Amino acid sequence: MSHVTTQPDATRPAPAERGRPPRRKGRSRQIRRNTLVGWSFILPNFIGFALFTLVPVTAAFVLAFMEWNSFGSPEWVGLDNFQRMFGDENFRVALFNTLFYAGGHIPLTLVAALTLAIVLNRKIRGVQFFRTAAFFPYITSLVAVAVVWNMLFNPTMGPVNQFLETLGMANPPGWTASTDWAMPAVIITSVWRDMGYYMVLYLAGLQTIPEEYYEAARVDGANAWQRFWHVTLPGLRPVTFFVVVMLTIQSFKILDLIVVMTDGGPGRSTLVLAQLIYREGIREGRFGYSSAIALVLFFIVLIVTVFQFRLNERRKA
Amino acid sequence: MTAMPDAPSPASPAAPENTPATAVRARRNRRLVRKTLTYVVMTAAALLVLVPFAWMISSSLKRNNEVFTVPIQWIPDEFRWSNFVDIWDRIPMVTYLRNSAFLAITITFLQVLTGSFAAYGFSKVRFPGRDALFVAYIATIAVPWQAYMVPQYIMMQEAGLTNTFWSIILLQAFGAFGVFLMRQYYMSIPDELVEAARIDGLSEYSIYLRIMLPLSKPALASLALLTFVNTWNDYMGPFIYLTSNELWTVQLGLRSFIGQYSADYAMIMTGAVISVLPIVVIFLLGQRYFIRGIATTGLKG
């Protein structure tokens with residue numbers, strides 16, 4: 001009866017056929033039938049997915065090597081777009097700003113999310129309310145988030161600077177009105193917005209660490225800090241790895257918050273790569289050049305992610 | 001609750017011996033202190049998280065010249081509920097809300113339907129090439145949308161679909177994410193169940209309809225909620241594609257209002273509150289599914 005057990009989802013043979021040895025023809029018919037049925041399930045989604053995701057993704061790779069403006073026809077130019085990119089100051093500024101943003105957003109969100117998760121990982125009354133509160137910013141619409149924080153960061157009258165002044169700071173930063181402080185303001189806003197999301201992942205991760213580990217550590221006389229360092233952190237490694245990868249991808253493609261909050265300004269101080277792609281490609285209609293920048297963005301994300309996977313593998317070993 | 005090694009009985013409160021009683025009291029005190037401390041820390045964290053919301057709500061109930069004051073007035077002298085009446089005259093809020101709702105509902109419906117349907121094919125029907133195809137789905141999740149938004153735009157322009165709802169619906173309803181989330185869930189439903197249904201003579205379509213769909217209600221709810229909130233909050237899609245005012249979503253309408261009346265702080269905050277309100281209600285109703293959806297796609301991804 002091996003044919004039945006090795007093929008778990010093959011339909012059961014008709015009673016008349018049972019026990020008869022040659023089943024080749026029946027099997028290939030079975031496979032054909034399964035293929036047809038399988039595709040019929042996948043097709044409604046696949047048509048949309050292929051047309052509006054697969055095709056554009058492929059096109060982005062090809063367009064990067066072409067010169068094509070909104071009027072005129074595409075022309076193969078090899079690496080010209082990339083050459084031009086390295087002489088383009090907007091690109092250099094955007095690349096630097098994106099790295100700046102990622103450098104702030106990744107570690108700060110990680111620490112904030114982990115802290116929230118550990119504080120809220122308790123079985124006490126009312127904890128659910130606090131978890132909900134911490135998650136709230138993540139589901140709040142971006143425009144609302146941006147406009148509220150823009151007001152909070154108002155250099156003269158905003159609550160943030162009023163608070164800093166009561167702490168005794170004589171010249172609080174100009175935040176979104178200053179070229180030096182606009183990016184930190186965006187980073188703070190995005191950390192506030194995203195930490196609840198990663199907190200959920202960390203909370204789920206904390207559930208997977210067996211209580212016995214903590215008890216064993218306590219028996220060995222480990223204090224709270226040692227328990228955190230030697231039990232909690234190693235136990236959270238898979239989650240942390242996932243969070244870092246997600247945060248990296250998210251940071252490098254940052255776009256909507258910047259568009260709504262500062263629109264790249266003041267000056268070019270918060271111009272990021274994804275925004276440059278939008279400006280060049282959709283506003284200016286330079287399809288080829290913008291796709292080349294997009295390709296660079298994609299490869300940066302890819303390289304960082306692969307690097308993190310490697311690092312994770314080595315740590316595990 | 002391990003007893004102190006030298007305490008003979010896990011002391012009752014009225015224990016006559018001196019040492020265990022004080023030890024118990026000390027421990028109880030310590031626990032009380034720790035509990036209080038936890039609440040203090042949690043409240044401080046919650047305040048920090050919620051301050052922007054407090055600002056938003058309080059400003060939305062103020063007169064415009066009361067928004068920025070020194071020192072900050074967290075509770076307005078007089079609640080100006082009229083802001084919430086006036087805003088409907090200032091901007092076509094009804095149109096914006098209707099557009100947002102239409103897009104969010106349509107896209108959520110299509111995403112849940114096609115996503116769960118495809119997920120059944122990917123998890124319960126075995127055929128050659130299936131796994132390779134699934135890898136293609138997963139691979140595109142890793143490509144940032146920002147990297148292919150320009151080719152998408154060119155396609156939509158060529159098809160003459162820019163500045164229509166079609167562009168947003170077509171681009172967002174067939175995402176790989178829905179397939180991925182539903183497949184994760186279907187994988188956890190044992191194959192034997194499906195097998196038994198096959199033996200009973202059910203076709204694959206009725207197995208999907210009568211067994212898988214009812215069993216996967218929590219996952220469907222997660223996907224529906226996540227998609228709805230994402231679409232409602234989406235800014236870039238409508239920003240790129242919808243240029244006519246009558247097609248704008250709440251997000252675009254609010255943004256344009258901010259651009260035009262940048263000093264109308266109270267009214268802007270009123271608009272912000274209205275734009276967030278539907279999501280808050282939906283989130284509070286379906287919180288459980290929401291969180292679970294994030295936790296499963298997160299940890300098993």
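Predicted model: local features only at pLDDT ≥ 70, side-chain atom pairs only at ≥ 80, totals over all residues.
## Overall shape of the two chains

Let's start with chain A. Its secondary structure consists of 14 helices and two strands. The C-alpha trace of chain A extends about 90 × 75 × 35 Å along the principal axes. Its radius of gyration is 27 Å, whereas a compact globule of 317 residues would be near 20 Å. Of those 317 residues, 40% are buried. When contacts in chain A between residues at least 6 apart in sequence are considered, 67% of them link residues at least 24 apart.

Chain B has 13 helices and zero strands, and its elements read α-α-α-α-α-α-α-α-α-α-α-α-α from the N terminus on. Its C-alpha trace covers about 90 × 70 × 35 Å along the principal axes. For 301 residues, a compact globule would have a radius of gyration near 19 Å, but the value for chain B is 27 Å. Buried residues account for 40% of the 301 residues in chain B. Among its contacts with a separation of 6 or more, 75% come from residues 24 or more positions apart.

## Domains

How is each chain divided? Chain A splits into domain 1 (2–63) and domain 2 (87–316). Taken over C-alpha atoms, the centres of these domains of chain A are separated by 42 Å.

Chain B is also split into domain 1, here covering 1–52, and domain 2, covering 89–300. The C-alpha centres of domain 1 and domain 2 of chain B lie 47 Å apart.

## Where the chains meet

Across the interface, 75 residues of chain B are in contact with 71 residues of chain A. On the chain B side, helix α13 (residues 265–300) supplies the largest share, with 13 residues.

## A helix pair inside chain B

Two helices of chain B are worth a look together: α3 (residues 93–124) and α10 (residues 217–233) pack at an angle of about 145 degrees, and their axes are 9 Å apart. The crossing of α3(B) with α10(B) is right-handed.

Which residues bring these helices together? From α3(B), the residues are B:Ser100, B:Leu103, B:Ala104, B:Ile107, B:Thr108, B:Gln111, B:Val112, B:Gly115 and B:Ser116. They meet B:Leu220, B:Leu223, B:Ala224, B:Thr227, B:Phe228, B:Thr231 and B:Trp232 of α10(B). By class, this contact between α3(B) and α10(B) is made of nine nonpolar, seven polar and no charged residues.

## An enclosed helix in chain A

Why is helix α13 (residues 273–283) of chain A described as largely enclosed by the rest of the structure? Nine of its eleven residues are buried, so the rest of the structure largely surrounds this helix. The buried residues of α13(A) are A:Leu273, A:Ala274, A:Gln275, A:Leu276, A:Ile277, A:Tyr278, A:Glu280, A:Gly281 and A:Ile282. After α13(A) comes A:Gly285, with a positive phi near 75 degrees.

## Residues to inspect

A:Asp263 sits in the loop between α12 (256–261) and α13 of chain A. Its phi is near 50 degrees, which is positive in a residue other than glycine. Is A:Asp263 buried or exposed? A:Asp263 counts as exposed because it has 12 C-beta neighbours inside 10 Å. In chain B, B:Asn163 occupies the loop between α5 (149–158) and α6 (165–172). B:Asn163 is not a glycine, yet its phi is positive at about 60 degrees. With 14 other C-beta atoms within 10 Å, B:Asn163 is partly exposed.

Back in chain A, A:Arg315 belongs to helix α14 (residues 287–316). A:Arg315 has 10 C-beta neighbours inside 10 Å, so it counts as exposed. Between A:Arg315 and A:Ser70 there are 49 Å in space, C-alpha to C-alpha, and the two are 245 residues apart in sequence.

Definitions and conventions: Residues numbered from 1 in each chain as written. Chains lettered and ligands numbered in written order. Contact = placed C-beta atoms within 7 Å. Helix = DSSP H or I, 4+ residues; strand = E, 2+ residues; numbered from the N terminus. Domains from an automatic or database assignment. Axes fitted to C-alpha atoms, helices over the stretch in contact; angles between N-to-C directions. Left-handed = near helix turned anticlockwise from the far one by under 90°. Nonpolar A, V, L, I, M, F, W, Y, C, P; charged D, E, K, R; others polar. Rg over C-alpha atoms; globule rule 2.2 N^0.38 Å. Buried ≥ 20, exposed ≤ 12 C-beta atoms within 10 Å, placed from the backbone.
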